[in-house]
Amino acid sequence: MSESSARSTPPSRRDSFPATQRGWLVAQLAQGAQGLARINAYIMETYAEPLGNYVAGSSFRSLGTPKDLVSGFFASRLAQPAYFDRWIESNLPLRRWLINGFLFFLQEELRRHKSERADSLASTAIDEPRSNAETAVEEFDRIWAASMVRSAANTARERCVQEGFEKHWSMFERHFVHGVSYADLAVEFEVTGGQSASMVRTASIRFRQAVVDLLLKDGATEEELDDEIARLMRALKPG
Amino acid sequence: MNHNMERFNDIPANTDCLGMLSSLGDETDPLLLRVVDRARRRDGLLPTARSIESGPLAAAGCATGLFFDGGATDEDFLLARVSCEAMRDTGSAAERELAALSLAILEASLIIYRRRLVVSASAREADARLAAAAAGVPSAWARLIHAAMRMPIRASA
């Protein structure tokens with residue numbers, strides 16, 4: 001499997017993706033080494049957790065600790081000058097580009113382990129990790145979606161706190177996470193029903209903005225946002 | 001699953017992410033959300049009591065006597081509802097918002113005086129509709145809606 005083969009799309013030239021269409025990452029790429037450093041920091045901060053959680057739940061976990069495997073993947077790929085140029089040409093969401101690359105890296109690691117063990121202990125049996133690219137992508141989508149939602153929620157909550165809307169965020173969580181009605185929120189938080197709707201809306205607008213920011217950074221276009229959110233909701237639905 | 005790569009995160013790992021993401025969907029009438037947003041920001045005009053009382057609710061007669069005081073018959077409710085829906089479907093932007101608010105008032109009145117829903121398909125939808133409407137209507141009508149929000153309701157057959 002090649003790094004971009006899980007969902008192949010026709011290659012496109014980089015100049016067909018203006019910065020406004022491919023978002024923040026492309027704009028950073030245009031700024032050279034400093035921009036690349038910012039991208040790498042962002043990738044490690046945002047994608048290390050879901051990649052690590054993916055490998056921790058996969059049959060590749062015997063290859064090493066999730067932290068070491070993710071660090072090894074980042075070290076081998078992010079140092080390549082053209083790594084993100086190839087992502088742009090792939091036309092894939094960044095998370096898909098990364099999981100494809102990660103699976104490829106894990107296969108490389110597997111081959112290396114086999115080779116080393118064959119040298120040192122020729123008769124030892126090796127468990128063969130099984131991976132199906134499509135299933136892996138779906139599983140990673142689910143893990144990434146959950147991580148992204150929590151990251152967006154953290155950002156939105158921090159913004160609410162900074163703006164003096166901590167109570168609004170609590171009401172948002174009570175309504176959308178715990179299923180408390182607006183009528184009951186009004187009683188619980190000692191506000192009117194109209195205020196409960198208004199306050200929850202204040203927080204939900206900030207949460208939406210945080211989700212949109214992350215999706216744009218992942219490579220979605222403005223036009224794709226609604227579809228992308230629907231896709232993430234499907235990924236998060238149990239069973 | 002082993003979560004040993006989980007970074008410190010204030011939002012717990014077992015949070016209902018799907019529930020949170022569902023906040024991005026259309027929980028309630030988008031027309032009402034526009035009213036909520038103006039009320040929240042306090043940067044735009046909201047319907048006055050006069051505009052509500054002379055709007056589509058008046059198709060059946062005196063809106064206050066019928067829907068606030070409870071004098072409406074089933075036929076009055078039906079007439080007002082048809083009038084609201086026609087305005088919501090064909091009116092200007094402001095008229096469509098007025099129609100959406102008027103439908104919420106009808107819903108509130110039906111809950112209080114008939115103990116049933118007609119406009120909303122579920123108690124959850126009615127709760128969101130009433131709360132949003134309450135944010136944008138004048139205080140007298142907001143009191144009616146708040147009273148409805150405190151009442152047990154059931155969806156109509």
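Me: How much of chain B counts as buried?
Reply: Of its 157 residues, 43% count as buried. A residue is buried if 20 or more other C-beta atoms, placed from the backbone, lie within 10 Å of its own; it is exposed if 12 or fewer do, and partly exposed in between. This is a predicted model, where local features need pLDDT of at least 70, side-chain atom pairs count only at pLDDT 80 or more, and totals for chains, interfaces and linings use all residues. Residues are numbered from 1 along each chain as its sequence is written, and chains are lettered from A and ligands numbered from 1 in the order in which they are written.

Me: How many helices and strands does chain B have?
Reply: Chain B has 8 helices and 0 strands. Both are DSSP runs numbered from the N terminus: H or I of at least four residues for helices, E of at least two for strands.

Me: Tell me about α7(B). What is its length in residues, and how far does it reach?
Reply: α7(B) has 14 residues and reaches 20 Å from its first C-alpha to its last, close to the 20 Å expected at 1.5 Å a residue. That expected span is 1.5 Å times one less than the number of residues.

Me: Is it enclosed or open, and why?
Reply: α7(B) is largely enclosed by the rest of the structure, because 11 of its 14 residues are buried. Among them are B:Asp127, B:Arg129 and B:Leu130.

Me: What covers those buried residues?
Reply: The cover includes α9 (182–188) and α10 (193–217) of chain A, together with α2, α6 (93–114) and α8 of chain B. Take B:Ala132: leaving aside neighbours within four places in sequence, B:Ala132 is in contact with A:Ala197, B:Thr28, B:Leu32, B:Leu33, B:Val35 and B:Val36. Contact here is C-beta atoms, placed from the backbone, within 7 Å.

Me: And the contact between the chains, how many residues does each give?
Reply: Chain B gives 36 residues and chain A gives 37 residues. On the chain B side, α7(B) gives the most, with 7 residues. By class, that side has 19 nonpolar, 9 polar and 8 charged residues. Nonpolar means Ala, Val, Leu, Ile, Met, Phe, Trp, Tyr, Cys and Pro; charged means Asp, Glu, Lys and Arg; the others, Gly among them, are polar.

Me: Which residues have the most contacts inside the largest nonpolar core?
Reply: They are B:Ala104, B:Ile105, B:Leu130, B:Ala132 and B:Ile145, in a core of 105 residues. Helix α7 (residues 133–162) of chain A gives the most to this core, with 12 residues. A nonpolar core is a set of buried Ala, Val, Leu, Ile, Met, Phe, Trp, Tyr and Cys residues joined through C-beta atoms within 7 Å.

Me: Switching to chain A, what domains is it divided into?
Reply: Domain 1 (17–130) and domain 2 (132–239), with bounds from an automatic or database domain assignment. Their centres, taken over C-alpha atoms, are separated by 27 Å. The contact between them takes 16 residues from domain 1 and 15 residues from domain 2.

Me: What does the pLDDT look like there?
Reply: Chain A averages 83, and 84% of the residues score at least 70; pLDDT is the predictor's confidence in each residue, from 0 to 100. Over residues 1–21 of chain A the pLDDT is below 50. Where pLDDT is low, the predicted coordinates should not be read in detail.

Me: Last one: why does B:Leu110 count as buried?
Reply: Because 24 other C-beta atoms lie within 10 Å of B:Leu110. B:Leu110 sits in helix α6 of chain B.

How values were computed: Two residues are in contact if their C-beta atoms, placed from the backbone, lie within 7 Å.
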